[in-house]
Every structure is written in C-alpha cells, then in structure tokens.
Amino acid sequence: MKFWYKEFQVSATEAFPGRTNIYRPIIPIGIEYRDKKIGYEVLLDSGADWNLFHSVIGEILGIDVPKGKKQPFGGIGGGNYLAYFHEVTIFIGGWPMKVACGFSDSIPNQSIGVLGHLGFFDRFTVKFETHKREIEVKQVIK
C-alpha cells in the first residue's frame with residue numbers, strides 16, 4: 001500500500017533560508033476499541049519505541065486511559081512523561097491488527113499520533129522515498 005508524505009508550512013530559518021514547507025511521513029489509520037472506531041493521522045517514526053496517541057483519542061474511544069499499564073517515555077528533547085497502554089485494533093490500509101498503544105496528555109499535538117517499533121515497524125516493511133514523497137507499507141506475513 002502506498003501513501004504520500006504530508007506537506008506542512010514552516011518558517012524559513014537561518015539554516016534553511018527560503019524554505020517554507022516540509023514533508024512528513026504521516027498516514028491515515030483507523031483505531032477501534034470495543035464498538036467505537038475513529039480515523040486518525042499518525043507519523044511513522046522509526047525513532048519511536050511504541051505507538052503513542054494523545055489521551056483525548058482514548059477518551060473519544062471510551063477508554064479509561066489512566067487504568068492502562070503505566071509506561072514512562074521521553075523523546076529527543078528529554079522529558080519524563082507517562083503513557084497508559086491499552087490494547088486496541090488499528091487499521092492500516094484495511095489491515096486490522098490488535099496492538100498495545102500508549103495514550104498520554106504529554107503528546108504535544110492531539111491531531112497526530114506516532115507509530116513506532118513495537119506494534120508497527122515490527123509488523124510491516126516500510127520504504128521511505130522522501131525524494132518522491134512516497135511511503136510504501138507492506139504487512140509482514142509470518
């Protein structure tokens with residue numbers, strides 16, 4: 001399945017004068033918990049260990065977020081945050097998978113989640129072709 005990078009407007013910087021846009025590997029997915037299903041956009045982040053979504057997404061799905069399994073996490077900027085993991089079904093290109101996903105108020109953008117190594121990259125082959133602004137995702141058949 002192929003997806004296209006998503007374009008974002010950015011301010012030009014001293015390091016990149018004249019640059020006003022950037023493309024990021026963001027794809028649409030579905031998330032289902034019990035009888036509720038929503039669409040959501042996620043960044044394919046090869047530097048992330050886990051799938052992380054904003055806790056508002058969990059609440060919309062009817063998840064009692066703080067009752068999940070607690071897991072601290074950080075990022076490139078440091079920080080010591082908490083996520084609460086619950087098993088949900090995610091749909092990528094129509095493929096459903098039950099995976100553990102962390103929900104946290106510490107994710108800065110409610111509208112974009114993150115797919116990481118455990119629960120995504122360990123189940124898919126992903127080919128990034130930034131020069132074409134194209135991402136190819138293939139499910140690994142075991």
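Which residues are linked with K127 in a network of salt bridges? The network consists of K127, E129 and K132. A salt bridge here is a side-chain nitrogen of Lys or Arg within 4 Å of a carboxyl oxygen of Asp or Glu. The model is predicted, so local features need pLDDT of at least 70 and side-chain atom pairs count only at pLDDT 80 or more, while totals for chains, interfaces and linings use all residues. Residues are numbered from 1 along each chain as its sequence is written, and side-chain values use heavy atoms, with hydrogens and water left out.

E129 is buried at 12% relative accessibility, whereas K127 is partly exposed at 44%. Buried means under 20% relative accessible area, exposed over 50%, and partly exposed in between, with a 1.4 Å probe and protein chains only.

The salt-bridge rule gives a count of 6. One of them joins K2 to E134, with the closest N and O atoms 3.4 Å apart. This pair links distant parts of the chain: K2 belongs to strand β1 (residues 2–4) and E134 to strand β12 (residues 134–139), 132 residues apart. Strands (E, at least two residues) and helices (H or I, at least four) are DSSP runs, numbered from the N terminus. E134 is buried, at 10% relative accessibility.

Strands β1 and β12 also meet in a sheet. It is an open sheet of 3 strands, in the order β1-β12-β11, and the pairing is antiparallel. Its edge strands, β1 and β11 (124–129), each pair on one side only. On average, neighbouring strands of this sheet are turned by 20° against each other, direction ignored; axes are lines fitted to C-alpha atoms, for helices over the stretch in contact, and angles run from 0 to 180 degrees between N-to-C directions. Two strands pair if DSSP finds at least two bridges between them, and 3 bridges join the antiparallel strands β1 and β12.

The bridge partner of K2 in β12 is E136. E136 is buried, with a relative accessible area of 18%. Leaving aside residues up to four places away in sequence, E136 touches M1, K2, T125, V126 and K127, where contact means heavy atoms within 4.5 Å.

K6 pairs with E41, the closest N and O atoms being 2.6 Å apart. Because K6 lies in strand β2 (residues 6–9) and E41 in strand β5 (residues 36–44), the pair ties together parts that are 35 residues apart in sequence. K6 is partly exposed, at 30% relative accessible area, and E41 is partly exposed at 27%.
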